[in-house]
Amino acid sequence: ALGTGLGVTLLGAVVAALLTARRVLRRRDGSRAPRRRRHVAAGLFLLAGLSCATVTATVMQGRGADAMQTAGQASIWFAIGLALLGPVLLRAVVTALAALLRVTAGRRGAPNGTGDLAVTNVRQRAGQVAAGLMPVILFTGISTATLSMQRVENRALAAEGAVKDDVVKNVETLNYVVVGMIAVFAAIMLVNTLVAATTYRRREFGQQRLAGATPGQVLAMVGVEGAVLAVTGVLAGVAASLVTLVPYGIARTGSAVPDVSAWIYGGVLAVAVLLTFTASLGAAGRTLRVPAVAAVGH
C-alpha cells in the first residue's frame, strides 16, 4: 500500500506538472483546443459520477454497506467534473449575483464601484480565479458526501439492531481518515493557490492604487472575489455530494431524501469559506504593504 501510494503520488505530480506547462504554452499561443478538451474531460467525469450513482441506486440496492464502493466514487468523479468547469460556473454565479455584489460593495463606501470592479475582474480572469475553485469543490463535495454517507450507514445499522463488526468499524475508520486526508490536501492546495494568485497581482493592485483606489477598496474587491469563489465552490460541492447521498439513501434505506446533518454541512462549509477568505485577504494585505509605485515597477 505504501509503495502504491508513493507511486501514484509521484505519477500524479509529474502528470500535473506536464499538464500545467502545456496549458501555459497553449494559453500563450491563443489556442482554444485546451478549453474544448477541458470541457470534454469534464463531461466524461460527470458521466462517470452519474454512472456510479445509477449503479448504486439499482445494482447495489439491498447490498448493505457494499453500496459505499460505488456511491463514494460518484461524488469524487462528479466533483472533478464540476471543478473542470470552474470558469463556466464562476461566470454563471457572477452573472446571477452581479446586482447584489454591486449594492453590497457600494455600501462599503467605494465611490468608484468596488462591486463593479470585482465583477469585471472575475469575468475577465475566470480561468485564473477558477484555479482556487477546484480544492473548494473537492473538499466540500467529497467531505460532506463521505461523512453524510457514514451517518446514513450508522443510522441504518441502528435501525436494524445490528452490531458493528470489525469490518464495518474498519470501513468507518477508513472513511474518516479519507476525509481527513482530503481536508488537509485541499486546505494546502487552496491556500497555496490563492496566496500565489493574489501575490502575483501586486502590479495590478499598485496600478489601482495609483488610479485612486484606497487599500481598503482593494481589499474589499478581493473580499468580493473571495465571496464569489466560496459561494461557487460550496454550491458545486453540495451538488456533488448529492450524487452520492441520494443513490446511497435509495440503496441502503429505500429513501431518496438525503439524511443530511446541519452540523456536517455547516462545519465543512465554514472551513471552506474560512480558508478561502483567510488565504486571499491575508495575501492581499501583505501585498498592499508594498508602496504602489514600487509594486507597479516590480
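Modeller: The model is predicted. The helix is α10, residues 215-253. At 1.5 Å a residue, its 39 residues should span 57 Å, and the end C-alpha atoms lie 54 Å apart, which agrees. α10 is bent by about 25° at L242. Just after the helix comes G254, with a positive phi of about 85°.

The partner is helix α3, residues 68-84, whose axis is 8 Å from that of α10 at an angle of about 160°. Angles over 145 degrees count as roughly antiparallel, so α3 is roughly antiparallel to α10. The crossing of α3 past α10 is right-handed. On the α10 side, the contact is made by A236, A239, A240, S241, V243, T244 and Y248. They meet M68, A71, G72, A74, S75, F78, A79 and L82 of α3. By class, this contact has 11 nonpolar and four polar residues, with no charged ones.

For reference, take helix α8 (residues 166-199) and helix α11 (residues 262-287), which pack at about 30° with their axes 8 Å apart. Angles under 35 degrees count as roughly parallel, and α8 and α11 are therefore roughly parallel to each other. α8 also passes α11 in a right-handed crossing. Residues of α8 in the contact include A187, L190, V191 and L194, and those of α11 include A272, L275, T276 and R286. The contact of α8 with α11 comprises 10 nonpolar residues, five polar and one charged.

Notes. Residues are numbered from 1 along each chain as its sequence is written. This is a predicted model: local features need pLDDT of at least 70, side-chain atom pairs count only at pLDDT 80 or more; totals for chains, interfaces and linings use all residues. Side-chain values use heavy atoms; hydrogens and water are left out. Axes are lines fitted to C-alpha atoms, for helices over the stretch in contact, and angles run from 0 to 180 degrees between N-to-C directions. Helices (H or I, at least four residues) and strands (E, at least two) are DSSP runs, numbered from the N terminus. Angles under 35 degrees count as roughly parallel, over 145 as roughly antiparallel, 65 to 115 as roughly perpendicular and the rest as oblique. A crossing is left-handed if the near helix is turned anticlockwise from the far one by less than a right angle, and right-handed if clockwise. Contact means heavy atoms within 4.5 Å. Ala, Val, Leu, Ile, Met, Phe, Trp, Tyr, Cys and Pro count as nonpolar, Asp, Glu, Lys and Arg as charged, and the others, Gly among them, as polar. The expected span of a helix is 1.5 Å times one less than its number of residues. The bend at a residue is the angle between axes fitted to the seven residues ending there and the seven starting there.
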